[in-house]
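Here are my notes on the two-chain model you sent over. Have the picture open while you read, and go through the points in order.

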Amino acid sequence: MIDFLTAAVVATMPLLFATLGEILTEKSGSLNLGVEGMMLMGAVFGFSTVYNTGNPFLALCAAFLAGAVGAFIFALITVTFQGNQVVTGLTLTIFGAGFSRFVGDHMIGSSVPRAAQDFFGKVKIPLLGDIPFVGQIFFRQDVFVYLGYIMVAVLSVYIYKTRPGLNMKAVGENTAAADASGIPVNLYKYLHIVAGGGLCGLGGAYLGIVSVPMWQEDVVTGRGWIAVALVILAGWNPIKALVGSFVFGALSILGLWQGSMGIHISQDIVNMFPYLATILIVIISTHKNRKEDRPPGNLSDPYFREER
Amino acid sequence: MKKRVLVLLLAFAMVFAFSACGEKKADTDDKDEVLKIGFIYIGSINDKGYTETQHNGTVALQEHFADEVECLWEENIEESTQAVQDSATRLIDNGCTVIVGTSYGFGTPLFEMANSGDYDDVTFLHFSGSDINDTNFGNYFGAMEEPRFLSGVIAGLQTTSNKLGYVAAFDNMEVNIGINAFTLGARSVNPDAQVIVTYTKSWYDPSGEKSAAEALLAQGCDVITQHADTSGPQLAAADAKKFAIGYNLDNSGLEGLEDAYLTAPVWHHDAYLISVVETIKDGTWKPESYYGTMADGYISLAPLTKNVTDEAKAKVEALEKEIKDGTLKIFVGPIKDNQGNVMVEEGETLDRAGIWEVNGVLVEGATATNSGK
C-alpha cells in the first residue's frame, strides 16, 4: 500500500504542475487548451538540456522557458491579436507534439546522465520523513516533488493573500472593471499565461527527466487534457489541485499496482475510474454551485477596450 | 548560438543533398532494373523497439542487395484504412512493386488493395497477420515461443524470490503465447517459479510500462521481462538492482542497464526479407504464410550478457541446440491452464496452428494482476 501511494505521488507531479499552470492562466481570464503541447515542449527541452549539459538546474529552467515560449505564442495570438482561445489552444497542442518529436528525434533512447538521475533520486526530509505512513509517502521523494509542494504553497499565498493576486483575479472575473480601476490588463494576462505555460513545461519535464529518465516520444500521453479537467475539479484552488492530482495520479496507476495489494479488477474498468470521478465531481460541484467553485467570470472572453 | 547556426546550415545542406538524390533517382528509373520495395512503419525508425527492429531488417536488406534494390519507407503511419492505403499508394507511385506492411493493423487495408485488381503487379507482404491470397499477398511471422522459452529458462535460474514479473501489452493470443512459453521455460528448470503478469493495455506507454514494472518489483519479482515496446520496464528493474529481459532488439548497450540486462528474444527480419526478395527478383515467389524459427535464423535470443550465470548460459546453449534440431518442442502435453483445465493433452505436441488456438488462457504458474486470468 505504501509502495503504491509513494508511486502515486510520482504519478501526481506532472498533473500537479500542469494543473497549477492552467489555474494561473484561467484565473487571469484565458482558457489555454494547449497544456499537452506545452508539456511536451517542456519535456523535450528539459531532457535535451540535461542530456547535453548534465545540469539538472539548467534543465528545469529550460523546461520552464520552453513551456513559457509556447504560452507566449498563445498570449500573442489571443491577447494582442484577439484570436479565438479554444482554436489557438488546440493548435498549440498539435504544434507542441510535432515540435517535441522534431527536436527529440535524435535523442530517442538516450538516457539522462547518471549524476542528474542521482540528483533527482529520493531524498528523505529530516523529521517529516519519519512520520509513519504520511511521511513515508510524501516526504521521501525527489527534489522535483518538493518543488511541487512549494509551488502549491506559493500559489495559494499569491492568489489569495497578495495584491497582484487580487488584481489578477479581478482581470479574470471582470476584465472591464479591472481595466477601469487602472490595472494593466494585458500585462497581467501576458504574465500569467506565460508563467502558467512555464509550469506546464515543468510538468512535462518531470515525465521526461524523472518518471522515465530516457527520451521516448509522446511521454505526456494525454495528461495535459486531464490537467484541464482537474482545474475545474479543483475549483481553481491550488490546494485542491494537489488533492485532485494525487487522486488522479493514484487512479492512473491503480490498475498496474492492484496486484501488489491483492485486488483484481479488469484494467478496462480501472481505466474508467478517473473519468467517472470527473463526471461525478463536476455534477456535485455544479449542484452545490458555490461561489468559489465557479469559473472566473470573463474566462475565455477576448477583451476589446473599445467595446466596453 | 553557434550550434544553432550550424544546425541551420546543416539543414540547408540536407535539403540540397536530398534534392540531389532526387535527381539521381530519376536516372536509375530509366534503367528499370532496380526493384523498389516500400516499407510502412507504425512508429519511428529509431524507437529502440518495435519499428527500429523492423528497420534494421530493411537496412540489412538494402546492404545485401546494394544497387539491385531500393528500399523506401514511411514512418509513423496510423493503423487506419485511409492512412495505410494512402501510404501504400504514395510508395507505389514512387515506383515500389513490393509493399511490406510491418504492423498487424496494416493487414486488412493492404489486403483490400491487393484484391482490388488495381495493384496486380504489386506484391504485398504483411508481418504478423494471417491473410493470404493466390496471387500477390503473403504474410510472415516468427515462432517467438522458442526464444521466449529460453529467456524463461534464464529467468527461472537467475531468480531467488521465484517471482518473475511480466509487463505485457494486451491480453491477446500473441502476447499470451509469449507469456506461456516464458512460464513453461522458467518452470522447466525451477518448478517453484511464479510468473506475475500485468497488462498495460497499450503497445506504447513509457511511464505506464515503467510503473507496471515497479509494481511487479514491489511484489517481490526479481526478474522483469516484457512484451511491450518501450524500455521502461528495463529501467525500473535497473533502478531496483534487479534483472531485466528485453524484447524486440538487444538493448544491452543502453546506459544504466549494464548490471541489469540479461538478454532479449529478438527478431532478425533481414533473414526473411533477403530470401523472399531473392524469390521475387527471379520470379519464383508464391504467396505463403512464413513462420520463421530459430533454426532459420529469423528469431533468436540476444547474446547473453555478463549478468547471466554460467549455469544458465550452459543450459540455454544446450536447449538452443535441441530447439534448432527439432528435438525440443515448446508446447508439449500435459499442460494445464492456471484454472486447472487441460490445455494440451498428454502425449500431444502442438504445431503452429495448435499453438495459436489454445493460448487464449495463461498456463499454470502464470497469473495476471489486472484481468480475469
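**Notes on the model**

1. Of the contacts in chain A between residues at least 6 apart in sequence, 79% link residues at least 24 apart. Two residues are in contact here if their C-beta atoms, placed from the backbone, lie within 7 Å.

2. Before going on, some housekeeping. This is a predicted model, in which local features need pLDDT of at least 70 and side-chain atom pairs count only at pLDDT 80 or more, while totals for chains, interfaces and linings use all residues. Residues are numbered from 1 along each chain as its sequence is written, and chains are lettered from A and ligands numbered from 1 in the order in which they are written.

3. Within chain A, confidence is highest in helix α3 (residues 56-80), at 97, and lowest in α13(A), at a mean of 81.

4. Now the build of chain A. It has 13 helices and two strands, where helices (H or I, at least four residues) and strands (E, at least two) are DSSP runs numbered from the N terminus. Its C-alpha trace spans about 60 × 45 × 40 Å along the principal axes. The radius of gyration is 19 Å, which agrees with the value near 19 Å for a compact globule of 308 residues; this radius is taken over C-alpha atoms, and the globule rule is 2.2 Å times the number of residues to the power 0.38. Buried residues make up 51% of the chain. A residue is buried if 20 or more other C-beta atoms lie within 10 Å of its own, exposed if 12 or fewer, and partly exposed in between, with C-beta atoms placed from the backbone.

5. Chain B has eleven helices and 16 strands. Its radius of gyration is 22 Å, close to the 21 Å that the globule rule gives for 373 residues, so chain B is as compact as a globular protein of that length. The C-alpha trace of chain B spans about 65 × 60 × 35 Å along its principal axes, and 50% of its residues are buried.

6. Chain B splits into domain 1 (32-142 + 268-292) and domain 2 (145-264 + 302-368), with bounds that come from an automatic or database domain assignment. The C-alpha centres of these domains in chain B are 29 Å apart. Where they touch, domain 1 of chain B gives seven residues and domain 2 of chain B gives seven residues. On the domain 1 side, helix α2 (residues 50-65) of chain B has the largest share, four residues.

7. How do the two chains meet? In the contact between them, 28 residues of chain A face 31 residues of chain B. On the chain A side, α1 (2-27), α10 (185-211), α12 (238-257) and α13 (267-288) each supply at least two residues, and α12(A) gives the most, with four.

8. Next, the inside. The largest nonpolar core has 185 residues, and A:Leu20, A:Leu230, B:Val195, B:Val197, B:Ile224 and B:Ala244 have the most contacts inside it. Such a core is a set of buried Ala, Val, Leu, Ile, Met, Phe, Trp, Tyr and Cys residues joined through C-beta atoms within 7 Å. Domain 1 and domain 2 of chain B both give residues to this core, so it lies between them.

9. Look at B:Ala193, in the loop between α6 (173-189) and β7 (194-199) of chain B. Is B:Ala193 buried or exposed? It is buried, as 24 other C-beta atoms lie within 10 Å. Leaving out residues up to four places away in sequence, B:Ala193 touches several residues, including B:Gly156, B:Leu164 and B:Gly365.

10. Most residues other than glycine have a negative phi, and most peptide bonds are trans. B:Ala66 has a positive phi, near 45 degrees, and B:Lys241 has one near 60 degrees. B:Ala66 counts as exposed, with 7 C-beta neighbours inside 10 Å, and B:Lys241 is exposed with 10. The peptide bond from B:Gly333 to B:Pro334 is cis, with omega near 0 degrees.

How values were computed:
pLDDT is the predictor's confidence in each residue, from 0 to 100.
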